[in-house]
Amino acid sequence: MRTQPSRRAVVAGLVALTAAGCSSTTMGAGTVPVQAVRRGAVSEAEDGSGGSRVMQILAHPDDDLYFMNPEVNQTIDANDQLVSVYLNSGESFGRNKVPGGPKPVPDVPGYAGARRQGLRQAYGLMATGDVRAPWTTRAEELPDGTLIEVNVLDGHPGIRLVFLGVRQHLGAAHTAKRGLKDLWADPTMVTSTLPSTGSPVTVSHRVTRASLTDTLVHLLDQYRPTLVRTLDPDPDMQVHDATHRIRHDQPGYSDHPDHTAAALFAHAALARYRGPGNGVPYLVTAYRGYYSERWPANLPRKLIRSKGDALNAYGGAPDTCDFAAGCGDYDVGSNRSYKTRWLRTTSLRYPTAAPQLGQDAGGRLTAFAVLGGQAAMWQESARGSGDWSRARLLGGDGLLPGLTATLTKDGRWQLYAERIAALGAKPKDNRREIVTAEQARKGGPFGAWASLGAPDRAPDRGRRVGGPVVARAGDGTTWLFVRDWAKGVACRQRRADGRWTPWKDLGGSDVQEGLSAVTDSKGCVHVFGSGHDTMHYWRQEEPGGPFVFVLTNLPGPGDPPTALLRPDGSLLLAYREAKTAIPLVHTLQAGGDSWRTERTGLVARGYGALALHSLRGGGVLLAARNNDGSTSLATLLTRSAPRWSTAAGAAVAAVSLAADATGSVVLARLGPDATLRTAVVAPG
């Protein structure tokens, strides 16, 4: 058990942001505080939350520990408010099996209660270092009279576990079981809650699709999160065979049906969420579930160990507590989670959702991201000022994380994003699409969002589309790339006259979500995607020409790639190595065919996509989220050995780098308080 430093109590609901603003930092020159208004008799020193309020919407008790951690732990260490909402009881068939012991007699309410106790142990460990940390449990009444269980960690009132208690399985033994998936798909279905052993909620309540959505809307409005974490609403299609066993997947998809349904319920509620208040939007991020067992592991050892510690605490062991239902989910404890790929991987559904950062036609840095389902724009007040505007929302209701921004030759911004086109109960009414909006003139307003469809018109396949990546070719055309339902790459081309070609499959093998595209000095476009065993690569041989798939034979990646055109015309490709998370850097000389591996000597810090930027006088700056959720930076390809430095402040998803008008390199990331955070990390 690790020793946790004493933490200040998180005070729930006492911070209301005045705007979706931007905090700006100059490395070595201090930090400008996030704009906030504090209410109540709580000192700033006691508060400790910095305005960040995080809500996690899960299907089962343990989804957060397997699929969202280490980011759960990072939120707790940052002293932010954290509310985890569990939709169903996770009672399964009621067998709390002790490893090596006999098959237990089914006890459905008891197993549900034991899993709740396991969560209290895990969160107690993460927050205080003590699995026996005391909690206050109580029943709270919803507006419709339904009772739910709320657990509050004593001395840390901002850490709460909320159990809605919906039955995981509705139906008697040997009959068809109906769960969250069916509740989402059938508005007429009625199920009920399950009172678990030891819960303050002792009566069952009726649950429908509408009432569950209403409950989530109520909780969002009650806790007013600035960051909402969900599971994957659109898991990959998956062929199940002897190599890829179905396990707990839903047939034809790489995730548990409850995970998908919980994410869809979350998005249905978010469509009605009014936001934290005072005009402040919010961030959404999503995590893959069982998908992660079919791709290379991506976490460094230190994070695997801390993730395993929390799961061991959750698993517990018999007779180690005084709770009537039991002391955890026994089959998970005793390091048994180390047998799963889930422990070694944390995969974001939208892994490259960094702020899009660049200079406008007048030289002012401009940033774009998705807040509250809409595109948001920030801009410097003057060239190189470092003084940023508040976020201006640009519409596009239903946008998902991962917006892309490009600047036309005549100085107009064009935006591309993935959007929820429909979120209905039936497959034909559950659709995703790629959309675009652009300025009519330089510096002018943005026009209406227009649909570019998806690579496959069938709604179920179209839902699997990935976030868009855009590159502008030397012949004046724009290329749009997405990962498609078959895990390949599809593209559309916008010709110089503004017309779009149909979607086209580029071929190649399976790639993960998170593509990178770059245009070389000749005007040819290059596209990269992380495969199972190596980096996949498509390129044009001449401007405007067809794309050719090229084998790289580079080491296997664990996360998405990032490509950079250097001033000398060479291409730099960086990504994290599978299993170790060590950053790997490779160079392709202009006109060359062979990649050269650069020796950096960097050790593993964190996981996820990397950011790159060329520096004056040579060298490349690399930025990455590190083990504690802040950002690490290192200068590569110089005579000096690279060393990590740290830019304080948590970052959600990925980070970005760009030069301002003075030549200084600026780091941009979105904080869990839904603000843009910038820092000058290299002088001009």
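## Briefing: a core and the chain around it

Of the 97 residues that make up the largest nonpolar core, L87 and Y123 touch the most other members. Helix α7, covering residues 257–270, gives this core its largest share, with nine residues. Do keep in mind as you look around that this is a predicted model.

**Around Y123**

- Setting aside neighbours within four places in sequence, Y123 is in contact with Q56, D64, L65, V72, I76, L82, S84, Y86, W135, I159 and L161.

**Fold and dimensions**

- You will find nine helices and 39 strands in the secondary structure of the chain.
- The C-alpha trace spans about 70 × 55 × 45 Å along its principal axes.
- The radius of gyration is 24 Å, which agrees with the value near 26 Å that a compact globule of 684 residues would have.

**Burial and contacts**

- Buried residues account for 62% of the 684 in the chain.
- Taking contacts between residues at least 6 apart in sequence, 58% join residues at least 24 apart.

How values were computed. Residues are numbered from 1 along each chain as its sequence is written. This is a predicted model: local features need pLDDT of at least 70, side-chain atom pairs count only at pLDDT 80 or more; totals for chains, interfaces and linings use all residues. Side-chain values use heavy atoms; hydrogens and water are left out. Helices (H or I, at least four residues) and strands (E, at least two) are DSSP runs, numbered from the N terminus. The radius of gyration is taken over C-alpha atoms; the globule rule is 2.2 Å times the number of residues to the power 0.38. Buried means under 20% relative accessible area, exposed over 50%, partly exposed in between (1.4 Å probe, protein chains only). Contact means heavy atoms within 4.5 Å. A nonpolar core is a set of buried Ala, Val, Leu, Ile, Met, Phe, Trp, Tyr and Cys residues joined through side-chain atoms within 4.5 Å.
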